[in-house]
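Here's a quick briefing on the charged side chains in this model. Have a look at the structure first, then read on.

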Amino acid sequence: MKTIRRFARSWPAVPAILASLAGSALGGTPTPHLLPLQGRVTDAVGALPAAADLTVRIFDAATGGTLVYDSGLLHQGAVERGLFAIMIGDALPVLLDNTRSYWLEVEVDGDEIVGDAAAGRLEFYPGGGDNGRPDLESRLAALEGELGVTSAGPAAGAPRDKAGTTVLANAQLGLGAFRGSGPAGSVVALMPDQTVGAFATATHQLRLQAVQVHPTTGPVTIIVDATPDSLGIGWRLTGPAALDSTGTGDAVLTDLYPGTYTLDWLDVPGWYHACTDPAVVEVASDSTGTFACTYLPGVTVMIDPEPDFLDAGWTLSRPDRPDTSGTGDVVLMLGGAGSYTLSWLDDPCWVEPRPNPVTLAGAGLDTVAFAGTYHAGPDIIAVLDVGNDQGRQVRVQWARSCWDALGDSVEVTGYALYRRQDAYKAGGDKADYWDYLVTVPARLAATYQYVAPTLCDSTAEGGVCWSVFMVSALTGTVGRFYDSYPDSGYSLDNLAPGAPTGFSAAYGADVALHWNPAPESDFRCFRIYRGTEPGFIPEPANLVHTTVDTAWTEAAGLLDDHYKITALDFAGNESPAVAPGAISGVPTAVPTAFRLGQNRPNPFNPSTTIVFDLPAQSLVDLKVYDLSGRLVRVLHAAELLPAGTRETVWNGRDERGRLVATGVYFYRLRAGGFTATRRMTLVK
């Protein structure tokens, strides 16, 4: 360890050359002066020397530097424990002209602290007052505060000097307070100016009221031990008698006062320590105090909240120290294995990101990053499919921005809705751009909504097709807006095509089927099913043909084959199946009795098929009623139909073509004196 000691006594004291000189020929009346000079001396590293010699010289500034006073060997040993209080002119008063200025020079152990070789000569006016120096009062106040000087005299419990006498304050500090520094150390001092008469009866009472006066018992030693030695770890030591010393690495400081010492360990990039910081040690007389700390490879914690102008607050919980709080962006050097959790603090009108914990198995050269984005924008509540439509649209709902209120400093004027451009195709990339859709005016509502177009519909075959939306709260200030977090949803084609019409079958060597074109814009194809019974149920096992045409011939079809046809849209919705309304070329099996079958499917949405048997050609009425008995729809009205099994489709609409509501309905058949009623249920 290196040892730091007080001033070296390498310069011999200069003997007094003059006690006083009369005024020069420049005029003025010289006045005998006693100049009290009191202050504190520190060496090059900020320590207080146990003892030192003091030399003071005064030069006449008006004559360009004529020597007026040199204390010589008069004040040998005047510095004790870093403090001094001397009287310039004590042996013989100094003759000074109160109307002129003088220069002061101070040496400690032969090293000049104030003067040409150091910070330049200090100019002072023996007449007191500011004498045209506008900075005098502020300079006095600053140094008096540093030295603990007051102007009210000794108070109860006031500090005492080295001899035990009460330290008195000087009520009239009219002349000087100064600091100076040189290669060997520094001086902070006061030089209150009074004439001889003012101090003639009280010279023995002049004492320094400065830092606490310490006992003259044995000195103490402070040891600083920083590990590892190669780091050059920085530290700052403060202690009695205004000690304030800095250094790096290991050190031994000697000849210090007993008392309380505080050491702050400084940061080293890439390293951390778990030592008490600042560390406090109480050191008794003639003893040693030790500060030791070991640094370890550190963990870098990066905290990055957005936006920067918010200066968002946060609290970091870490395993090795108490919680740390702060605001805005910061990089911390910490350490220790365990869990690091950052909690973002609430901020008025801003949404709080959730805490995000990070756990380290061990410490050492790791980086932990916490990023959080605050926003005052609206919040998308839901993106829902619009029911009972042909698809390609969703209802976007959002909660208002907190600025959507009267009297706010930032007033939202509207909400702009955007949809992201996403390429949903095999091997395609998503283009991260936004298409503007609409602006909804702000009206202080709690929630808003808009039916927005989607990119595509979700289907059973193609899977889910997501559309991503964002809402931006607009303000009256150009460039100031608040975006929501993006959210997504998908649309569905909820409506099946209508059942094919004009379906006929002609039996012969082949079976020729014909039907009318489908009217829907989203029509995809027709599906033809074949069964062995008139009332068979269409299913994938009996699907025999798919086509977009309006005719199909099955070669070598059998006379006892039965056919049904459906329509399919691009969303995968399939219409109810219908049997041929007209059959030719083959006798059909004629039912032996009238019968009204149960509709299929049941419950249904939106269409269902009603099957009935006619044993003979008959006039047929088939009508739909609601629970109250009101007529909803006429499916057949006194229509003459041939004998056989017949099927009729109801599409869930009334006589005016409107979709009816969810509920229970009845359908009634009248034919050839036969009447029957059955119940069916529509569910949406």
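This is a predicted model: local features need pLDDT of at least 70, side-chain atom pairs count only at pLDDT 80 or more; totals for chains, interfaces and linings use all residues.

Residues are numbered from 1 along each chain as its sequence is written, and side-chain values use heavy atoms, with hydrogens and water left out.

**Overall build**
- The protein has two helices and 50 strands (DSSP runs, H or I of at least four residues for helices, E of at least two for strands, numbered from the N terminus).
- Of its 684 residues, 44% count as buried (under 20% relative accessible area; exposed is over 50%, partly exposed in between; 1.4 Å probe, protein chains only).

**Salt bridges**
- The whole structure holds eleven salt bridges (a side-chain nitrogen of Lys or Arg within 4 Å of a carboxyl oxygen of Asp or Glu).
- Arg57 pairs with Glu107, with the closest N and O atoms 3.0 Å apart.
- Arg57 sits in strand E3 and Glu107 in strand E8 (residues 102-108), so this pair ties together parts 50 residues apart in sequence.
- Arg57 is buried at 9% relative accessible area, and Glu107 is buried too, at 12%.
- Asp70 also bridges to Arg57 (3.0 Å, N to O).
- Arg57, Asp70, Glu105 and Glu107 are linked in a salt-bridge network.
- Elsewhere, Glu574 meets Arg527 at 3.3 Å, N to O.
- Glu574 is partly exposed at 31%, as is Arg527 at 21%.
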